[in-house]
Amino acid sequence: MDYRPSRPRIGRSSLLSIAFAILLGTGLYLEFLADANWNAGEVVLAGHVVLGLGFTVVFASWIGGHVRRGLRTASRQAFRRLSWFLLTLYVLLVATGLLMVLPTTLYLVGVLWFWRFETTGVLTFVHFWGALAATLALFAHLAMRHWRLPMARRGHEAS
Amino acid sequence: MKYQVRDHAPLLAVSSVLCIALLIGARLLWPPPPEPGVDLADIPYYQLPFGPDDAGLPRPFWPSRMQTENGRFADPAKIQSAADCAICHPREFEEWAPSLHAIAGRDTVYERAVEANEDLHKDGIEKARFCEGCHAPGEVLAGRTNRFKSVMPSDAETEGISCVMCHTATHADPVEGNGALTLAINEGTDRLSNPLLLAAPRDHARAFGAKETNALIAKGDFCGGCHTETYDTSMSKVEGRQHVQTTHAEWRDSWYAGNGVTCQDCHMAPDPAAYVRQIRSGDLAKPERYAHNFVGANYLMFNTGLGSNLTFLRGGILPGLSDARNTELIARQGEATRALLRSAAGLALRGSEVAPGRLRFGIAVQNLGAGHNLPTGVIDQKYMWLEVVVRDATGAEIYHSGAFDATRGETDPDAVIWREDFIDADGERIPDHLTFITAAISHVRTGVPPKGEDVVRYDVAVTSDATGPFRVEARLWYRVATQEFAYNTLKTDLVIPPFELTAAEFALPATDEARQ
């Protein structure tokens, strides 16, 4: 059984994969290397924020259909669980990212407000570890079978 | 293999490579900034009259012990102004703005004292680094305390002990004192623009909230970096080293330090007087938050009744404040200052005796609420004295000591007084804080230690027509400057008003009958 959209390959899911890889790379850079040179780090941070916002828009427009089509046809419980877990991680990533740029957004519209520093620490922690977990879950999601093997083959594999 | 893997794996791989290329490109296009700060060699005509240290290295900030973390001068344009901090931290700014820390480097009393000292010696301006290290660290660290002004001024340099002067500290030596603080002021700058800083405040925390800095500035030892002061030949004529200010040591050896009550607990409590009362009641709980008012004992700089004289004394208005807001904040802090002063001291009768023709009694001046001596600091200008009036049964005054002449601004020369005297090389008292010619320090009476008392004994002659019971009125006064200083140095006829710390009335003999 193969689930495959009839639309062209370079669709929103492909864009999301590209964006996710770049966001992960820039995020790791911000976490571990930006301190040494914020001249470059500021550019990377700005890129990370802009790309993250773009990712959020595309993801929001795409995920509904993907869940409806994909999860409805998925017959394997482990896959469904993993998918929901991945979706939760993505929502967490997007939400913490948006919360972190909320003060910036408000600042740009003339309102000064920011999180307590301790809160930003929690948001960063969740965003960072959520991204790493999402990376692993995404690979598993892409590679994992979502259809159940026919009974005969299952029996064959079991023997 | 699932088609999803076949489709997405190359995209992810290519994107990862692309990302790494972008990151490398960013680092190449935007290289790290050069080491922050300014090299000694880049400050034209900078004078080093005190020679190198024991290791042969230059001492650019000597006789102040202030240092920068990387040993370089601060770039005045890069020192973060408190007005900039106020953009995101308005509450802290408005707490700090009326404080003495904010005007430490600009108030006229201080400025005139420094100028008077500078004129006493050919290296006077360089010697004044001793004063400016604590009062205007930005000026010293930027290299402006120099006879040739070759460094441009900036707002931040006029802000005295501003936000960055504490929030970049990495080391303090409370025993050494004389500004023995190390500031990472050159590294203490935001590298991100404000909007992105709000998205990633970690770099802001690196600059102004490093873990070791936060731990250091919460300790009393940090305050000791400046609130310990000694004179030696670098800035005076004192041979060896002589303590002029021992506030930190007074606290360190006190009940307060022993019980974990720090300088910050009282002077940064939102309501310092209430906190002192809380401590006096035995409740050692920490304040709910630490405010940046640094409420102290100088009531004069918060006396809004002085009108334009107050603006003159405070050296104008800080950047980032309007005149009206400034006055409002000063008035509020004035109330807190006066309340704190009133919470510090007490008076008690000790050992009274009514003998034929004589009244003998002691007045105990008690330090009930200050975690250091009373008075403390450099007390050649600030001083405390006891006024005692004895009246007979008719209310007639039969004895008066410690009167204050409000017209001439003079304290009774025979008053019991707590003050230290600066003595010149000829053994004469210097009344107007001329540090650079001070050869010795002596105390008229040393301050009353924390939770201690100093009993002053009186022996009053009673004329035969005076009848008891007698009443003793005692008042403890505090004044922040001598009138000689106002005349000689400030060149003003403004009478420096005293402040009544506490007052009490006692009956003699100390019996129930006499009290009725």
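User: Which residues in H1(A) meet A:Phe128, A:Ala131, A:Thr135 and A:Leu138 in H4(A)?

Analyst: This is a predicted model, where local features need pLDDT of at least 70, side-chain atom pairs count only at pLDDT 80 or more, and totals for chains, interfaces and linings use all residues. Residues are numbered from 1 along each chain as its sequence is written, while chains are lettered from A and ligands numbered from 1 in the order in which they are written. Helices (H or I, at least four residues) and strands (E, at least two) are DSSP runs, numbered from the N terminus, and a contact puts two C-beta atoms, placed from the backbone, within 7 Å. With that in hand, the residues in H1(A) that meet those four in H4(A) are A:Phe20, A:Leu24, A:Gly27 and A:Glu31.

User: At what angle do H1(A) and H4(A) pack?

Analyst: Two packed helices are described by the angle between their axes and the distance between the axes. Axes are lines fitted to C-alpha atoms, for helices over the stretch in contact, and angles run from 0 to 180 degrees between N-to-C directions. The crossing of these two is left-handed (the near helix is turned anticlockwise from the far one by less than a right angle; clockwise would be right-handed). The axes lie 11 Å apart, and the angle is about 145°.

User: How many residues of the contact of H1(A) with H4(A) are nonpolar?

Analyst: Ala, Val, Leu, Ile, Met, Phe, Trp, Tyr, Cys and Pro count as nonpolar, Asp, Glu, Lys and Arg as charged, and the others, Gly among them, as polar. In this contact two residues are polar and one is charged, which leaves the nonpolar group at five.

User: How far apart are the axes of H3(A) and H4(A)?

Analyst: H3(A) also passes H4(A) in a left-handed crossing. The helices pack at an angle of about 150°, and their axes are apart by 8 Å.

User: Which helix gives the most to the side of chain A that touches chain B?

Analyst: The contact takes 34 residues from each of the two chains, A and B. On the side of chain A, helix H1 (12–32), helix H2 (38–73), helix H3 (77–108) and helix H4 (117–143) each supply at least two residues. That side divides into 22 nonpolar, eight polar and four charged residues. With nine residues, the helix that gives the most is H2(A).

User: What percentage of the residues of chain B count as buried?

Analyst: Chain B holds 20 helices and 18 strands, and its C-alpha atoms fill a box of roughly 115 × 60 × 45 Å along the principal axes. A residue is buried if 20 or more other C-beta atoms lie within 10 Å of its own, exposed if 12 or fewer, and partly exposed in between, with C-beta atoms placed from the backbone. For chain A, with 159 residues, the buried share is 28%. For the 516 residues of chain B, the buried share is 47%.

User: Which residues does B:Leu141 touch, not counting residues up to four places away in sequence?

Analyst: A nonpolar core is a set of buried Ala, Val, Leu, Ile, Met, Phe, Trp, Tyr and Cys residues joined through C-beta atoms within 7 Å. B:Leu141 is among the residues that touch the most other members of the largest core, which has 117 residues. Another core lies apart from it, with 38 residues, among them A:Ile18 and B:Leu198. The residues that B:Leu141 touches are B:Phe61, B:Met66, B:Thr68, B:Phe73, B:Ala74 and B:Ile185.

User: Which residue is the bridge partner of B:Ala355 in S7(B)?

Analyst: Two strands pair if DSSP finds at least two bridges between them. Strand S6 (residues 345–355) and strand S7 (residues 358–367) of chain B pair in the antiparallel sense over nine bridges. They form a hairpin with two residues between them, and B:Gly357 in the turn has a positive phi of about 75°. In S7(B), the partner of B:Ala355 is B:Arg358.

User: What is the order of the open sheet that holds S6, S7 and S16 of chain B?

Analyst: The edge strands are S6 and strand S16 (453–461), each pairing on one side only. S7(B) and S16(B) pair over nine bridges, with B:Ala364 facing its bridge partner B:Val455. The pairing is antiparallel, and the order is S6-S7-S16.
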